[in-house]
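Subject: Structure for you to look at, with notes

Dear colleague,

Here is the structure I promised to pass on, and my notes follow below it. Please keep it open while you read.

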Amino acid sequence: MKTILLSIFKEYAEKIIGGEKRFEFRKRIPQKKISHIVFHTTSPDSKIVCIAEVNNIIADSPQKLWDKTAPFSGVKREFFFSYFKNSEIAYAYEIKNVYKIKRSLTLQDPQIRLTAPQSFKYLSENVVTYIKKAAESKPIVSPYTIFLTGVHGVGKTFFADNYLSKLGFYTVTASSLIKKGLGDVPINKKVKKLADNQEILINEFVNERRGKSKIVLDGHLLLVKNNNKIQKIPINIIERLNPSHIILLENSVEEICARILKRDSERFSKNLCKKMLQSERAYAIEISHKLKIPLTIIPNSSNIILP
């Protein structure tokens, strides 16, 4: 098993260290089996910042690879497909544990003396040993909170149970926390006491999050009131929940309406479902920009390929 050197932009290195980016994409991969990747940031920073264990290398068409990796790609959809334009096969290194470099380390270090690779570069055992000695002995365990949102019936529970749980995330629903705090959660999801419920949610979630490094809050950015009017969760509530990442699941209007009817025996008009989908997306983008929280939008959650 070999260790390779990869050069990446500083912003992507920070996302790997922070846990937001768990897949590193490439058009070309080594022929030899890879166990670790040493990440080096491109100019002007030009530093070795971390070493990561490789759990797997995924090879597929660009569309299928995106479907498998989107929630933790760390890149925008437009960038991904632009990068793999005209590529029949796309590759992704699935990153496991990440070890941060403790001190300033460059490729010009007397014990390394390498140039930045155009694609990748195999590292000798001596160089790998030297870099590992400069790294933390324990992997980074950064608290990471995902706010998983989407309109009623989009499939958040299935996605959390069958995708996020396999990545080590513990999921709790907003409705269960509000019930636990004796809040108002009607069966038809039409909320009356919004302000009281959100305060309960914050208090209960703070308690629930203690001691957990990976947690998902399954909730909503918008709620439907009794008169079928859509009401936004105040942006300061999202700020107080302090998510690391927002994942927005979507689906077709027809599918959403059918699922709500089957699950809750509640008939929502197509116009209302469409308005809910459009409003949730617009508000998620607004929150992401204002609070500077990474946002991943999955336009058709039914297409997600589970790990």
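Is phenylalanine 79 buried, partly exposed or exposed? Phenylalanine 79 has a relative accessible area of 39%, so it is partly exposed, where buried means under 20% relative accessible area, exposed over 50% and partly exposed in between (1.4 Å probe, protein chains only).

Before going further, please bear in mind that this is a predicted model, in which local features need pLDDT of at least 70 and side-chain atom pairs count only at pLDDT 80 or more, while totals for chains, interfaces and linings use all residues. Residues are numbered from 1 along each chain as its sequence is written, and side-chain values use heavy atoms, with hydrogens and water left out.

Aromatic rings

Phenylalanine 79 and tyrosine 83 both belong to helix H3 (residues 77-83), where they are four residues apart, about one turn of the helix; helices (H or I, at least four residues) and strands (E, at least two) are DSSP runs, numbered from the N terminus. Tyrosine 83 is partly exposed, at 27% relative accessibility. Tyrosine 83 also forms an edge-to-face aromatic pair with phenylalanine 84, with 4.8 Å centre to centre and 75° between the planes, and phenylalanine 84 counts as buried at 2% relative accessibility. Rings of Phe, Tyr and Trp (its six-membered ring) are taken to pair if their centres lie within 6.5 Å, and planes under 30 degrees apart count as stacked, over 60 as edge-to-face and the rest as tilted.

The structure holds 14 aromatic pairs. In one of them, the ring centres of phenylalanine 79 and tyrosine 83 are 6.3 Å apart and the planes are at 5°, so this pair is stacked. Ring pairs also link Phe9, Tyr12, Phe25, Trp66, Phe79, Phe80, Phe81, Tyr83 and Phe84 into a cluster.

Tyrosine 12 has the charged end of lysine 21 over its ring, 5.4 Å from the centre, and lysine 32 lies over the face of tyrosine 122, at 5.0 Å from the ring centre. A charge sits over a ring if NZ of Lys or CZ of Arg is within 6 Å of the ring centre and within 35 degrees of the ring normal.

Buried polar residues

Glutamate 24 lies in strand E2 (residues 23-26) and counts as buried at 5% relative accessibility. Its side chain makes a polar contact of 2.8 Å with the side chain of arginine 26. A polar contact is a pair of N or O atoms within 3.5 Å; within protein, one must be able to donate a hydrogen and the other to accept it, and residues adjacent in sequence count only if both atoms are side-chain atoms. Leaving aside neighbours within four places in sequence, glutamate 24 is in contact (heavy atoms within 4.5 Å) with residues including Leu6, Phe39 and Tyr91.

Histidine 36, in strand E3 (residues 34-41), is buried as well, with a relative accessible area of 17%, and a polar contact of 3.0 Å joins its side chain to that of serine 35.

Pocket and cavity

On a 1 Å grid over the protein atoms alone, a cavity is a set of points where a 1.4 Å probe fits but cannot get out, and a pocket is an open set with protein on both sides within 12 Å along at least five of seven lines; lining residues have an atom within 4 Å of a point. Grid points are joined across faces, edges and corners, and a volume is the space filled by probe spheres set on the points.

The largest pocket has a volume of about 660 Å³ and is lined by 24 residues, of which Val75, Lys76, Ser288, Leu295 and Thr296 lie nearest its centre. Helix H10 provides four residues, the largest share of that lining.

A search of the whole structure finds one cavity of 30 Å³ or more, and about 60 Å³ of space lies in the largest cavity. Strand E11 (222-225) and H10 each supply at least two residues of the lining of this cavity, with the largest share, three residues, coming from E11.

Backbone points to check

The peptide bond from serine 43 to proline 44 is cis, with omega near 10°, and proline 44 is placed in the loop between E3 and E4. Lysine 292, in the loop between H10 and E14, has a positive phi of about 55° although it is not a glycine.

With best wishes
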